[in-house]
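I am opening a notebook on this structure.

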Amino acid sequence: MTFRLLSPLGLSLLILASLAMIYLLVPIAVVVVSPFGDTGFIAFPPQGLTLKWYAAALNDGRYLTGFLLSLRLASIVALISASLGMCAAYAITRYDFPGAKALEALFLSPLILPTLVMAVALTAYFTRSGLPTGTWRLVAAQSIICIPYVIRIVLPLLQRFDRSLEEAALSLGATPIRSFFLVLVPVIRPALIAGAAMAFITSFDEVVLALFLSVPGQTTLPVMIYSSVQLGFEPVVAAVAGLLVCLTGVVMVIMHFFGLRTRG
Amino acid sequence: MEIELKNLTKSYGATKVVTGLDLSLDKGEMVALLGPSGCGKTTTLRMVAGFVDVTAGEIRLKGRDVTHVPSYKRDCGLVFQNYALFPHLSVFENIAFGLRRRSVRPPELTERVTKVLSMMQLDGLAQRYPSQLSGGQQQRVAVARALVINPAILLLDEPFSNLDAKLRDSTGYELRRIQRDLGLTSIFVTHDQSEAMGIADRIAVMNKGVIEQLGSADEIYNRPATRFIASFIGKANFVPATVISNKEHIVELGGGIRLQLTSQPLPADGTAIDVMMRPEHLAIGNPEDAGLKARLEDVTFQGSTARIRASTETGGDLLIEVPGTSLPTLPSSGSTINLLPDPNSTRAFTK
């Protein structure tokens, strides 16, 4: 269906779409722009022009440490979630075991349990269990909430996967494990990457579990930002957020070009 | 014996899909498993390939018992109905896949892939991806991928069903030539009888999980062993008759016409039977001859033949095929014609 831009319908759609975009994007723009202001509080539009808040954000070692920790954490969680989620989705599609349907329904339904409840439960569990402390607790906890994302993305692709591709690999002399890694994984790779990316973002952004389970002195970036905001909304915090927005933009641009190159 | 299937049986619970199937292939032979859908032909092929567990019986490839050998150790080249080309690999890598699993390295690898590429007329397509190929090219890549590993046997599952009619003929012929040149023992599954008749040395016609007849195209068409085969292969008219003398092979059709069927034993005298006649084995005789009287309903001209539909006095429909050149001499619709069956090409089946 095509609309002529200047017809009444086309014009109203254009206005509607523009308003929606403004509604969605302006808060982000505010975060990026306001730290340029020379006031000691967040003001929009910014008054005066300074780079000191951005400089302060970059120079504050705590933010950088938090950022690196979050990055490491999110990478590990993404890796674990992608691997386990893939295995679970494979088991659900390939094996006929009691409860397979129930498991599928569970993973495909929206996550009902509030993260807060899980955070409390896990904190209680970890303290009672006497398991060693460490960042691995947070990794395990975040993986629990990230795995369903991977399953939700990978499962439909696995269900549509043409089994004769695996049979072809077997007939050509590949063992089942080899045909899994040489044929199945590459074919569903886009879904795996998307699932891992979802897991990465979820972990990178996660506050509640991190708040409950992180080790003292090992504070993730979201928790850091959260605490800073509670103490007083300084422009430095906005600058950190602004930097994250810019970084995300750069990553998106890189991925866009990377995506274009690998296609076809 | 290159391939031996002994008493091969597959059942899912109480449902038997293949029952006590025996089949042996000589070196270089091509056998078609032909049958309607659900007859067990694909299950049989998948058992030979090792994708389906055998319930009972034995599979031997080149004398080796492979009944319980996993498929990746069986050395079967397979061509799938949908080709099953690896979408993430180039044509070259698709074909090299089996060689790499056998630890064949360049330069031998490159050499063998290049050789099979040119044999399948795929030169210049090595770097393409499957999605960039036409259906016919994809089919040739699928065959090339199966051939390059020098398999003990070649298995083909409806390899031509996704090609258009014109390409099907030439591809079938080409495949047959390569299979003969390489001396490959081969089983292929099809539901298309003309494909089976055109390509295979022998045809195993399957129905309800058993081979009803195994023989050359001539045998299954002209000497069908069962009523199912008579009606499944080609077209057949069944005319009710009675055995007059089984000693002298004489049967009587309705209307007092007697035929001598020399080609096969008949049941006891007086038994009611059906006599099968192919449409081209019915000739239109003169009105005064002793023949089957029928009313000519209509004529369809097919080019090399003309097809006549007629109804007998007892209400049965008959299909008659005469050379297309005789079209101008045919009687008009509604007139009574006199049909003379060829006794040598007529088969009797018990009711």
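**Entry 1: Tyr83(B) and its loop**

I started in the loop between strand E6 (76-79) and H2 of chain B, where I found Tyr83(B). I kept in mind that the model is predicted. I looked up the backbone of Tyr83(B) and read a phi near 75°. That value is positive, and the residue is not a glycine. I noted the background: most residues other than glycine have a negative phi, and most peptide bonds are trans.

**Entry 2: Asn150(B)**

I then turned to another positive phi. Asn150(B) has a phi of about 45°, although it is not a glycine. I located Asn150(B) in the loop between H4 and strand E7 (153-157) of chain B. Its relative accessible area is 56%, so I wrote it down as exposed, the limit being over 50%.

**Entry 3: A cis peptide bond**

I checked omega next. Which residues does the cis peptide bond join? I found Pro106(B) and Pro107(B), with omega about 5°. Pro107(B) lies in the loop between H2 and helix H3 (108-119) of chain B.

**Entry 4: H2 against H4 in chain B**

I looked at H2 itself. Helix H2 (residues 91-101) of chain B packs with helix H4 (residues 135-147) of chain B. I noted an angle of about 30° and axes 7 Å apart. An angle under 35 degrees counts as roughly parallel, so that is how I described H2(B) and H4(B). Their crossing is right-handed. On the H2(B) side I listed Val91(B), Asn94(B) and Ile95(B) in the contact. On the H4(B) side I listed Val141(B), Ala144(B) and Arg145(B). By class, I recorded 4 nonpolar, 1 polar and 1 charged residues for this contact.

**Entry 5: Ile233(B)**

I went further along chain B. Ile233(B) sits in the loop between helix H8 (227-232) and strand E11 (237-245) of chain B. What is its relative accessible area? I read 0%, so Ile233(B) is buried. I then looked up what Ile233(B) touches, leaving out residues up to four places away in sequence. I wrote down Leu34(B), Gln193(B), Met197(B), Val205(B), Ile220(B), Tyr221(B) and Arg278(B). I also checked the separation of Ile233(B) from Lys6(B), which is 227 residues away along the chain. Their C-alpha atoms are separated by 26 Å.

**Entry 6: Asp22(B)**

Lys6(B) came up again here. I placed Asp22(B) in strand E2 (residues 15-25) of chain B. Its relative accessible area is 48%, and I recorded Asp22(B) as partly exposed. Leaving out residues up to four places away in sequence, Asp22(B) touches Leu5(B), Lys6(B), Asn7(B) and Ile211(B). I also looked at Asp22(B) and Ile59(B), 37 residues apart in sequence. From C-alpha to C-alpha they are 9.7 Å apart in space.

**Entry 7: Chain B as a whole**

I stepped back for the totals. How many helices and strands does chain B have? I noted 8 helices and 20 strands. The C-alpha trace of chain B spans about 80 × 45 × 35 Å along its principal axes. Chain B has 351 residues, and buried residues make up 50% of them. I took contacts in chain B with a separation of 6 or more, and 64% of those are between residues 24 or more positions apart. The accessible surface of chain B comes to about 15,700 Å². Carbon and sulfur atoms account for 49% of that surface.

**Entry 8: H3 against H9 in chain A**

I moved to chain A. Helix H3 (residues 61-94) of chain A and helix H9 (residues 189-205) of chain A pack at an angle of about 140°. Their axes are 8 Å apart. I therefore described H3(A) and H9(A) as oblique to each other. The crossing is right-handed. Residues of H3(A) in the contact include Phe67(A), Leu71(A), Ala78(A) and Met86(A). Those of H9(A) include Leu192(A), Phe200(A) and Phe204(A). By class, I recorded 13 nonpolar, 4 polar and no charged residues.

**Entry 9: H11 in chain A**

I ended at helix H11 (residues 221-231) of chain A. Which of its residues are buried? I listed Leu221(A), Pro222(A), Val223(A), Met224(A), Ile225(A) and Ser228(A). After H11(A) comes Gly232(A), with a positive phi near 150°.

Notes:
Residues numbered from 1 in each chain as written. Chains lettered and ligands numbered in written order. Predicted model: local features only at pLDDT ≥ 70, side-chain atom pairs only at ≥ 80, totals over all residues. Heavy atoms only, no water. Axes fitted to C-alpha atoms, helices over the stretch in contact; angles between N-to-C directions. Helix = DSSP H or I, 4+ residues; strand = E, 2+ residues; numbered from the N terminus. Parallel < 35°, antiparallel > 145°, perpendicular 65-115°, else oblique. Left-handed = near helix turned anticlockwise from the far one by under 90°. Contact = heavy atoms within 4.5 Å. Nonpolar A, V, L, I, M, F, W, Y, C, P; charged D, E, K, R; others polar. Buried < 20%, exposed > 50% of the residue type's maximum accessible area, 1.4 Å probe, protein only. Areas by Shrake-Rupley, 256 points an atom, 1.4 Å probe, with all protein chains shown as cover.
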